[in-house]
Amino acid sequence: MVDLVVMMLALIIIIVSSIVLQACKLIIWRPYAVTKSFRQQGIVGPRYSLLTGSLDEIKKLREVALETVVDTNSNDIIARVFPHYHKWFSEYGETFLYWNGMDARIYISDPELAKHVLSNKFGFYIKPQFTPSIRKLIGEGTTLANGVEWVRHRRIINPAFTMDKLKVMLKEIAEISTSMFERWKTKATKTEDQSEKIEIDMHEEIKNLTADVISHTAFGSSYMEGREAFKAQAELQDCLSASRTSIFIPGSQFLPTPMNIRISKLNNKVKNTVKSIVMKRLKGKEQDSSDSVGYGDDLLGMLIEASDLSQTKDDHKLDMDDIIEECKSIFLAGHETTANLLTWTVYLLSVHREWQDKLREEVLNECKMGVPDADVLTKLKLVHMVLLEALRLYSPAVELVRQGLENMKCGSIMIPKNTTVTIPVLMIHRDKKLWGEDADEFNPLRFMNGITNAAKHPNAFLAFGLGPRTCVGQTLALLEAKTVMAMMLRKYAFSLSAEYKHTPVDNISLQPQHGLPVILKPLALKHNN
């Protein structure tokens, strides 16, 4: 009996010692070794603090930055959006090491190095392991998958975003936009000079518009149910944004805290709603055995169809959970990216009214007052350049991150295994060495000869990423943005309200912290119906 107790105590001591050893290695030895490795290469950064890394400094700098307001006519927003990068860049140079908790991160702002990381086709740089809460928001689909799993998902989802499929969606986008414009009419008030004026929060209006668009195009006749799921996901985004500078302790997601309970409920609402819609589609297909009847022309129908027909070497298909996770990704990417692109485009055109006039003239010349189709949209060259410039100055994706699976050579830098590479899109888009002395200024004509010729490096524009993992929905986002802008410009002139505060903020994507209040003036154009 005594021998058994001794053996048990010895086993416990071994287990505890192993845990302590591993903890010391992760918390103390690895930060020391990684810091030393980069210091020997001439790369330094902010001091590592036990467990929290650089998070405390990031949090303090952000709290101060959120109290500031940028000049309305200025696009110099780095100090507000990325106050920590702004500070560290000035102190440590173009490449530096910082710590997201215990996660070592190397900041690189050279587009050639960014290309090396993002264009790697051998899977050496993967999407890092985000916290469970972030994964619930973004979805465990194509956006976050790695390796063979990513290849499988991407192969199945690609056909849903071909031009032929997207053209079908344009009419629906136009109809939803028209409904929004009609709703604005009811808000019109007479001013002293008897002209009509409409004051709205354009960011809220556009978020509702893009939510309706992605709900319709994703779920078709079930879009109201889909919209409810997406509303829950939007609430989930707000919950998670506030906790981004807090250290994550593995296992803490299972604690019954009020926040964890709320996150779980919202995530279950999204999953159960999408699952219910999918089951209705499958049931409808079973009831009509006609070969001519598919699962629908919307994105969900295409996903189900593709997953049902795909025959990879190991006969893998998307299952119910896969489809649910892809729907999360489609909503966040399709809704957020387009909403923020349109929001910042309206802001820029409100500040630069001469460009608003140029675009309106182009739209009236090319498509009059009809519904613009895909062929017409390709003729809107100035509109396209303005959207690209809006993406450059106010890219919804403010940074890209990858993690090295092995010790990797990136240019002249040796990056230790498991180090995360941070590529600051917003700062690369403003680098005067790449874009010229007017890098902070609104100049759509820089894209006159295409994206690759707009800057001194062909890969300096990273709004949709680069390489194999370039955003699959970028064509849909640009088509939707062109359609909405073309129709809006024909009906309204717009300017910033006196209430507007220029306060861009990184809320997982780049958003106006206090909305975008604008004044709309209805237009009575000669082509108007």
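This is a predicted model: local features need pLDDT of at least 70, side-chain atom pairs count only at pLDDT 80 or more; totals for chains, interfaces and linings use all residues.
1. Ring pairs join seven aromatic residues, F82, Y85, W88, F89, F96, Y98 and Y107, into a cluster. W88 belongs to helix α4 (residues 83-92) and Y98 to strand β1 (residues 95-100), so that the pair links parts of the chain ten residues apart. W88 has a relative accessibility of 0% and therefore counts as buried. Y98, at 2%, also counts as buried, because the cut-off is under 20% relative accessible area.

2. A further ring pair deserves a separate remark. The rings of F181 and Y492 have centres 6.1 Å apart and planes at 55°, so this pair is tilted. F181 is found in helix α8 (residues 163-185), whereas Y492 is found in strand β10 (residues 492-496); the pair therefore ties together parts that are 311 residues apart in sequence. Both F181 and Y492 are buried.

3. The overall composition of the chain may be stated briefly. The protein chain contains 19 helices and 13 strands. Of its 529 residues, 51% are buried. When contacts between residues at least 6 apart in sequence are considered, 73% of them join residues at least 24 apart.

4. Which residues have the most contacts inside the largest nonpolar core? They are W184, M202, L299, V346, I423, W435 and L520, in a core of 135 residues. Helix α13 (residues 320-351) gives the most to this core, contributing 14 residues. Apart from this core lies another, of twelve residues, which include L144, L240, L266 and L332.

5. Leaving aside residues up to four places away in sequence, L520 touches W184, E196, K197, I198, I200, M202, Y492, A493 and F494. Two of these neighbours, W184 and M202, are themselves listed among the residues with the most contacts inside the largest core.

6. How do α13 and α14 pack against each other, and at what angle? Helix α13 and helix α14 (residues 353-367) have axes 5 Å apart and pack at an angle of about 110°. Since angles of 65 to 115 degrees count as roughly perpendicular, α13 is therefore roughly perpendicular to α14. On the α13 side the contact is made by L349, S350 and V351, and on the α14 side by R353, W355, Q356 and L359.

7. Two arginine residues are placed over aromatic rings. The charged end of R392 sits over the ring of W435, at 5.1 Å from the ring centre. W435 is also one of the residues with the most contacts inside the largest nonpolar core. The charged end of R430 sits over the ring of Y394, at 5.7 Å from the centre of that ring.

8. P444 lies in the loop between α18 (432-435) and α19 (474-491). Is P444 buried or exposed? P444 has a relative accessible area of 0% and is therefore buried, although it lies in a loop. Not counting residues up to four places away in sequence, P444 touches W355, M385, V386 and E389. W355 also takes part in the contact between α13 and α14. P444 and R392 are 52 residues apart in sequence, while their C-alpha atoms are 9.7 Å apart in space.

9. Helix α7 (residues 147-157) holds R152. With a relative accessibility of 9%, R152 counts as buried. R152 and L318 are separated by 166 residues in sequence and by 8.5 Å in space, C-alpha to C-alpha.

10. L51 has a positive phi of about 70° although it is not a glycine. L51 lies in the loop between α1 (2-39) and α2 (55-65), and its relative accessible area of 38% makes L51 partly exposed. I508, likewise a residue other than glycine, has a positive phi near 75°. I508 is placed in the loop between β11 (504-507) and β12 (509-512). With a relative accessible area of 24%, I508 is partly exposed.

Technical notes
Residues are numbered from 1 along each chain as its sequence is written. Side-chain values use heavy atoms; hydrogens and water are left out. A nonpolar core is a set of buried Ala, Val, Leu, Ile, Met, Phe, Trp, Tyr and Cys residues joined through side-chain atoms within 4.5 Å. Buried means under 20% relative accessible area, exposed over 50%, partly exposed in between (1.4 Å probe, protein chains only). Helices (H or I, at least four residues) and strands (E, at least two) are DSSP runs, numbered from the N terminus. Contact means heavy atoms within 4.5 Å. Rings of Phe, Tyr and Trp (its six-membered ring) pair if their centres lie within 6.5 Å; planes under 30 degrees apart count as stacked, over 60 as edge-to-face and the rest as tilted. A charge sits over a ring if NZ of Lys or CZ of Arg is within 6 Å of the ring centre and within 35 degrees of the ring normal. Axes are lines fitted to C-alpha atoms, for helices over the stretch in contact, and angles run from 0 to 180 degrees between N-to-C directions. Angles under 35 degrees count as roughly parallel, over 145 as roughly antiparallel, 65 to 115 as roughly perpendicular and the rest as oblique.
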